[in-house]
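Dear colleague,

I am passing on to you the structure shown below. My findings follow directly after it.

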Amino acid sequence: MDSDPEDYEYEEDIEAYYLGDYASIGSIVREVLPFELLATVGGVVAGLILSGMTEELQVIPGLLVITPAVLGMRGNISSTLGSRLGSAIHMGLITKIERNPELLNNIGGSLLLSLLLSFVLGLLGHFMTIALGLESAGAFTLTLIAVMAGLSSGLILSVIATLFAIGMFRFGFDPDNVVTPSIATIGDIVSMFMLFLSAKVVLAI
């Protein structure tokens, strides 16, 4: 059965609209570039926070070992959350901040991953440090710091990711373009700051 020529014209119109307003190179660069520049600045800020942790790094052996892993873990989990929220918004599953099962499940899954991976990270950091013949503050201390920093930063970033994804969509931005790099950058800063605070709390105990 022959297809109606009008169907082809309709498909071409849809494709032209999609490529012109959503997936064109200019649109992607225009939306992503400012946030990538902010990501670069954010990385420098996270480095500045790390440079202020000299005392904690000296007093808590092994803290330096888990620091890059905490940042990597937090960035991976938060970026995944941002991507999932962006996809859910595009599909119409999330339209506003409310007791939405899709939103609550995404946030709950992100926090559970943060707890589990932070626990594993603390233990792994301790045993890897010992295996390399270096001094460690102990499995309990490193795990406590990792869990405190992971959960606190995860909670903060879940709120930020939700607000950012919904807000960017309402302002006409594609969340898939801007949320992931933004959350990764904010995640580095928040994670480093919460790691700093967690180390301070543990030292005060």
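Helix H6 crosses helix H7 in a right-handed manner. H6 covers residues 139-170 and H7 covers residues 175-204. Please bear in mind that this is a predicted model. The two helices pack with their axes 8 Å apart, at an angle of about 150 degrees. Angles over 145 degrees count as roughly antiparallel, and H6 and H7 are therefore roughly antiparallel to each other. In the contact of H6 with H7, 23 residues are nonpolar and 7 are polar, while no charged residue takes part.

H6 also meets helix H4, which spans residues 63-90. Here the axes come within 9 Å and cross at roughly 25 degrees. Because angles under 35 degrees count as roughly parallel, H4 is roughly parallel to H6. The crossing of H4 past H6 is right-handed. By class, the contact of H4 with H6 consists of 14 nonpolar, 7 polar and 1 charged residues.

A further point concerns the surface. Which residues make the nonpolar surface patch of about 330 Å²? The patch is formed by Leu112, Leu115, Leu116 and Leu151. Helix H5, residues 101-131, gives the most to this nonpolar patch, with 3 residues. Leu112 is one of the patch residues and is found in H5.

In brief, H6 is roughly antiparallel to H7 and H4 is roughly parallel to H6.

With kind regards

Terms used:
Residues are numbered from 1 along each chain as its sequence is written. This is a predicted model: local features need pLDDT of at least 70, side-chain atom pairs count only at pLDDT 80 or more; totals for chains, interfaces and linings use all residues. Side-chain values use heavy atoms; hydrogens and water are left out. Axes are lines fitted to C-alpha atoms, for helices over the stretch in contact, and angles run from 0 to 180 degrees between N-to-C directions. Helices (H or I, at least four residues) and strands (E, at least two) are DSSP runs, numbered from the N terminus. Angles under 35 degrees count as roughly parallel, over 145 as roughly antiparallel, 65 to 115 as roughly perpendicular and the rest as oblique. A crossing is left-handed if the near helix is turned anticlockwise from the far one by less than a right angle, and right-handed if clockwise. Ala, Val, Leu, Ile, Met, Phe, Trp, Tyr, Cys and Pro count as nonpolar, Asp, Glu, Lys and Arg as charged, and the others, Gly among them, as polar. Patches are made of residues with over 30% relative accessible area and no salt bridge: like charges are joined within 9 Å, nonpolar side chains (Val, Leu, Ile, Met, Phe, Trp, Tyr) within 5 Å. Accessible areas come from the Shrake-Rupley method with a 1.4 Å probe; for residues, only the protein chains shown count as cover. A salt bridge is a side-chain nitrogen of Lys or Arg within 4 Å of a carboxyl oxygen of Asp or Glu.
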